[in-house]
Structures are given as C-alpha cells and as structure tokens.
Amino acid sequence: MKQFLLLGVLCSVSIYTVSAQDKPKPQDTEFYTPVPPIVTPGNANAAPSDAIVLFDGKNLDQWVSVKDKSAAKWTVKDGMFTVDKSTGNIETKKSFNNYQLHIEWLIPSDINLEGQSRGNSGLFLASTGPGDDGYELQILDSYNNKTYTNGQAASIYKQTAPLVNANRKPGEWQTYDIIWTAPVFYSDGSLKSEAKVTVLFNGVLVQNNFILGGPTQYIGKPSYKKAHGATPIKLQSHGDKSVPISFKNIWIREL
C-alpha cells in the first residue's frame, strides 16, 4: 500500500511539473534580436539620417534628362527648381525598387488655364522607359479646378481618384509622402505581384495601399506587359501652356 501511495505522489509531482512548464509566459512572445538600427528623424520635413537626398536646394546633380541622360537642365533658384518645358522630363540617376519618398511641389500663385492644363506635371514612381512610360502619381492644381477625378492631384493617373481632395491654394507648398512597393516578376517575365502605393498628401491619407493595374496608360486599361527591375523616379515636363511649377526638399529611403 505504501508503494502505491508513493507512486501516486510521484505522479502528481510529475504532472504538476509538466503543466507548470507548459503554462504560457509573457516572455514566450518577447524577442530581442535583431535590433532595429537607429535613425535620427529630421526636423519638420527634413530628411532623416538614413535618407538619400535627391534635391537639397543647391543643384540637380542627382538628376538627368530622360531624353539623352545628360545633366538635368531645369532651373535651380532660391532653394527650389522649376520645370523647363523646353528640355523635357528628368529622372533620377539612381534606380530604386521599394522606397519611402518625400517631395514638395508648388503651384505658382499666378497659375493660369483650367482643367488638365492648370499646372500639370507627374511624379512617375517608377520610370520604365522614355517619355511618359511608367507609373504616374498626378501633380496638378486641383484647388477649385474641375477635371476627371482619376486625373486630379494625388490620383494614380487614369487608375484611381484620391480618397479626398487635400489640395492647398496655389502659392502654397504641397507635400507628397509615398510608400512604393515595386511589382515583382518571375524569370519568364510573367507577373508575380503587382505594384502597390500608399500616399499622404499634405499629411492626409489619399491612397491606401492601392494595387496598380500596371503602368500608366493615357488611352486604354493598364496591364503588366513588360517585366522590369529597379527603375529611376521621373518628373514630367507636361506640354500644357500654364506657367511652370516648382519642386524642393526631395529625399528617399530605400526599403
């Protein structure tokens, strides 16, 4: 009888030990590596410490002409640069995949004309070729200026309208803060995953992880016909006759 009693006690101790070991603990879901690198944020809209500065107010050394890859010829003055419509589009020397981008742009207070002819430009989040090839985030004066909604400022041009119209008045600086996820292709050129973009316009969410149907098409629906890897970022010199717009404080963080 004593042997059975001792065995029962040992079994009880063993069961208690196992159940105590199996009980979840707060530490089970805590981890300490890898440690995130330290990044010092900039003041206001200034570039953080790990950013690549694409325009610091001094020169266009990080940009080239899309037509012939010569030095970008837009006008730099007073800490900003202004579109020169006679010289065509410009793009970054460096190519990118996924990134965070900050850019500020100005519709001049004396802007003229209406609709798509009022301060038109474009930020091509990935430039896939000459001219206007690529994925375009529209730049336009959309403050009391009617046009088709998937062509107003902060639209993914001809694909989707912004969630809201967050435009400031002409003469006031506007900001885009963008998270771009590049499309991915298989080795045979077929699509693995679509491009996605999130955009804050003057601090307001206007594109929420939108999935693009392909590069911008002025006529017809977009599709992923041509595989590509890392690409430059492009700014458009639009052919409208309104007074030219300006840019400043452009920086990017590769993700």
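Phe 81 is buried, at a relative accessible area of 0% in this predicted model. Its ring pairs with that of Trp 74. The whole structure holds 13 aromatic pairs and six salt bridges. The points below cover rings, charges and strands.

**Aromatic side chains**

- Trp 74 and Phe 81 form a tilted pair, with ring centres 6.1 Å apart and 40 degrees between the planes.
- Trp 74 has a relative accessibility of 4%. It counts as buried because that value falls under 20%.
- Both residues belong to one aromatic cluster, made up of Phe 55, Trp 63, Trp 74, Phe 81 and Phe 247.
- Phe 96 and Tyr 99 make an edge-to-face pair, because their planes stand at 70 degrees, with the centres 6.2 Å apart.
- Phe 96 and Tyr 99 are both buried.
- Phe 124 has a charged neighbour: Lys 234 lies over the face of its ring, 4.9 Å from the centre.

**Salt bridges**

- Side chains of opposite charge can pair when their charged atoms come close.
- Arg 253 and Asp 50 meet in a salt bridge, at 2.8 Å from N to O.
- Arg 253 sits in strand E15 (residues 246-254), and Asp 50 in the loop between helix H1 (2-22) and strand E1 (52-55), so this pair ties together parts 203 residues apart in sequence.
- Asp 50 is partly exposed, at 36% relative accessibility.
- Glu 91 pairs with Lys 69, their closest N and O atoms lying 2.4 Å apart.
- That pair links distant parts of the chain, 22 residues apart: Glu 91 is in strand E5 (residues 90-92), and Lys 69 is in the loop between strand E2 (63-65) and strand E3 (75-77).
- Glu 91 is buried, with a relative accessible area of 5%.
- Asp 240 forms a salt bridge with Lys 85, with 3.3 Å between the closest N and O atoms.
- Asp 240 is in the loop between strand E14 (234-235) and E15, and Lys 85 is in the loop between strand E4 (80-82) and E5, so the pair joins parts 155 residues apart in sequence.
- Glu 114, Arg 118 and Asp 141 are linked in a salt-bridge network.

**Strands E7 and E8**

- E7 (residues 121-127) and E8 run antiparallel and are joined by six bridges.
- Ser 127 stands opposite Gly 134 in E8.
- Six residues lie between the strands of this hairpin, and Gly 131 takes a positive phi near 60 degrees.
- E8 (residues 134-139) is mostly covered, with six of its six residues buried.

- E12 (residues 196-201) pairs antiparallel with E9 (residues 173-181) through six bridges.
- Ile 179 has Thr 198 in E12 as its bridge partner.
- E12 also runs antiparallel to E13, with five bridges between them.
- Val 197 has Phe 210 in E13 as its bridge partner.
- The E12 and E13 hairpin has two residues between the strands, and Asn 202 takes a positive phi near 55 degrees.

**Asn 209**

- Asn 209 lies in E13 (residues 204-211).
- Its relative accessible area is 43%, which is partly exposed.
- Leaving aside residues up to four places away in sequence, Asn 209 touches Lys 196, Val 197 and Thr 198.
- Lys 196 is 13 residues from Asn 209 in sequence, yet their C-alpha atoms are 5.6 Å apart.

Terms used:
Residues are numbered from 1 along each chain as its sequence is written. This is a predicted model: local features need pLDDT of at least 70, side-chain atom pairs count only at pLDDT 80 or more; totals for chains, interfaces and linings use all residues. Side-chain values use heavy atoms; hydrogens and water are left out. Helices (H or I, at least four residues) and strands (E, at least two) are DSSP runs, numbered from the N terminus. Buried means under 20% relative accessible area, exposed over 50%, partly exposed in between (1.4 Å probe, protein chains only). Contact means heavy atoms within 4.5 Å. Two strands pair if DSSP finds at least two bridges between them. Rings of Phe, Tyr and Trp (its six-membered ring) pair if their centres lie within 6.5 Å; planes under 30 degrees apart count as stacked, over 60 as edge-to-face and the rest as tilted. A charge sits over a ring if NZ of Lys or CZ of Arg is within 6 Å of the ring centre and within 35 degrees of the ring normal. A salt bridge is a side-chain nitrogen of Lys or Arg within 4 Å of a carboxyl oxygen of Asp or Glu.
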